[in-house]
Amino acid sequence: MCGAKEGGLSLDGVNVAKEAVIQGQVLRSGDEPVANAYVRLLDRTGEFTAEVPTSATGHFRFFAGDGEWTLRTLAPKAQPVDTRVVAATGSVAEVQVLVTA
Amino acid sequence: MSRENSLVTAQWVEDNLDTDGVVLIEVDEDTTAYDKGHIRGAIKLDWTTDLQDQVRRDFVNKEQFEALLSGRGVSNDDTVVLYGGNNNWFAAYAYWYFKLYGHEDVKLLDGGRKKWELDSRELTDELPTRAKASYTAQEQDPSIRAFRDEVVAAIGTQNLVDVRSPDEYAGRLLAPAHLPQEQAQRAGHIPTSVNVPWSKNANDDGTFKSDEELTALYDEVGFDTGKDTIALCRIGERSSLTWFVLTELLGRKNVKNYDGSWTEYGSLVGVPVALGDEPGSADGKGN
């Protein structure tokens, strides 16, 4: 993963104009980054599309297509969390996922 | 083959970390994952530099493979246990690779790195040391590798199983959704290929579904067990996992992996392409 910066991942080197970026951070207890969680991208029908592990800072990123998506987050000793998100070419959808035991 | 011969559990791996002749190898899509922590004793293979020729768009050849494994201390009679991230995408690719070059005893860790991590099992950054070995590979086994001409000839006559996500199959995405949307010149799929996303083979924790569930999965799409089969994805790693399921878990015969996959087919001039969610017709019309 790219280096993190305050407010989200750095977009250096990413051609945002041609991508529909979904990115964010997985946190536990409000502000503790969760490394090695797994964030799964489900399409509008609930079908698995992609999955990435979070970085040491809890960050993740997808280059999705336009439309509605669901992020399903799996983390050790935590309940799965589903988060709805809308992606659009030329924009960055920033998402914060909170996991709890 | 069978599940017992080709898969091991995370507990089996933990119980055999110090067993002579068992070599753990991690192969990840994210080639830095190993460096951040790996199963104790595991060595690393980098699919981009170790398993791909750095000039041609092709595999390393027999001599390069021999040099690679010899240098990493892997012997012909070792039990090789592969695991990796993304539900074993590239571990399955490496498994197929080992079979391609005739390694006798190779297995996948069921669930791969994800299962290991979700179990909260130990990872270390300590690098193992292994004495160099003298590895001898076999010639590539052409019965498990498909090339573009036979893929074109298979349209309408063989089981073509496209294992990419539905949006890639339909042409709405060019690459997996977590990667920049680049690569092939055209989007879509090979006419008459059915879409069975690789992910349907796995449970949420990355382990493989039961033989009964997997059989039903391929029966649902009209998989004809009397026909030969070619699996493909974008660059041949996800389809390696499907090849593993069909060949090693379900015992299907005459299954090949098309490692050229959509990056090659989608850049060819003059071949038929289908768009949308339906397989399309063998004449390439009516999309």
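Phe147(B) is partly exposed, with a relative accessible area of 43%; partly exposed denotes the range between buried, under 20% relative accessible area, and exposed, over 50%, for a 1.4 Å probe and protein chains only. Phe147(B) belongs to the loop between α6 (112–118) and α7 (148–154) of chain B, where helices (H or I, at least four residues) and strands (E, at least two) are DSSP runs numbered from the N terminus. Between Phe147(B) and Asp50(B) the separation is 97 residues in sequence and 22 Å in space, C-alpha to C-alpha.

This is a predicted model, in which local features need pLDDT of at least 70 and side-chain atom pairs count only at pLDDT 80 or more, while totals for chains, interfaces and linings use all residues. Residues are numbered from 1 along each chain as its sequence is written, chains are lettered from A and ligands numbered from 1 in the order in which they are written, and side-chain values use heavy atoms, with hydrogens and water left out.

**Helix α5 of chain B**

- Helix α5(B) covers residues 85–100, and its 16 residues should span 22 Å at 1.5 Å a residue, which agrees with end C-alpha atoms 22 Å apart; the expected span is 1.5 Å times one less than the number of residues.
- A kink of about 25 degrees is centred on Ala92(B), the bend at a residue being the angle between axes fitted to the seven residues ending there and the seven starting there.
- Because 16 of the 16 residues of α5(B) are buried, the helix is largely enclosed by the rest of the structure.
- Asn86(B), found in α5(B), has a phi near 50 degrees, a positive value in a residue other than glycine, and counts as buried at 8% relative accessibility.
- Asn88(B) also lies in α5(B); its phi is positive, about 70 degrees, although it is not a glycine, and its relative accessible area of 1% makes it buried.
- Just after α5(B), Gly102(B) adopts a positive phi of about 80 degrees.

**Helix α10 of chain B**

- The twelve residues of α10(B), 238–249, should span 16 Å at 1.5 Å a residue, and the end C-alpha atoms are 16 Å apart, which agrees.
- Twelve of the twelve residues of α10(B) are buried, so this helix is largely enclosed by the rest of the structure.
- The buried residues of α10(B) include Trp243(B), Phe244(B), Arg238(B) and Glu248(B).

**The parallel sheet of chain B**

- Five strands of chain B form an open sheet with parallel pairing, in the order β1-β5-β4-β2-β3; two strands pair if DSSP finds at least two bridges between them.
- The edges are held by β1 (7–8) and β3 (43–44) of chain B, each with a single partner strand, so one side of each is left without a neighbour in the sheet.
- Two bridges join β1(B) to β5(B), residues 106–109, in the parallel sense, with Val8(B) opposite Leu109(B).

**Strands of chain A**

- In β5(A), residues 38–42, five of five residues are buried: Tyr38(A), Arg40(A) and Leu42(A) point one way, and Val39(A) and Leu41(A) the other way.
- In a regular strand the side chains alternate between the two faces of the sheet.
- β5(A) pairs with β6(A), residues 48–53, in the antiparallel sense over five bridges, and Leu42(A) stands opposite Phe48(A).
- These two strands, β5(A) and β6(A), form a hairpin with five residues between them, and Gly46(A) in the turn has a positive phi of about 90 degrees.
- β5(A) is also paired with β8(A), residues 67–74, antiparallel over five bridges, where Val39(A) stands opposite Thr73(A).
- In β7(A), residues 59–64, six of six residues are buried, with His59(A), Arg61(A) and Phe63(A) on one side and Phe60(A), Phe62(A) and Ala64(A) on the other.
- Strand β3(A), residues 20–28, runs antiparallel to β7(A) and is joined to it by six bridges; Gly24(A) stands opposite Phe60(A).
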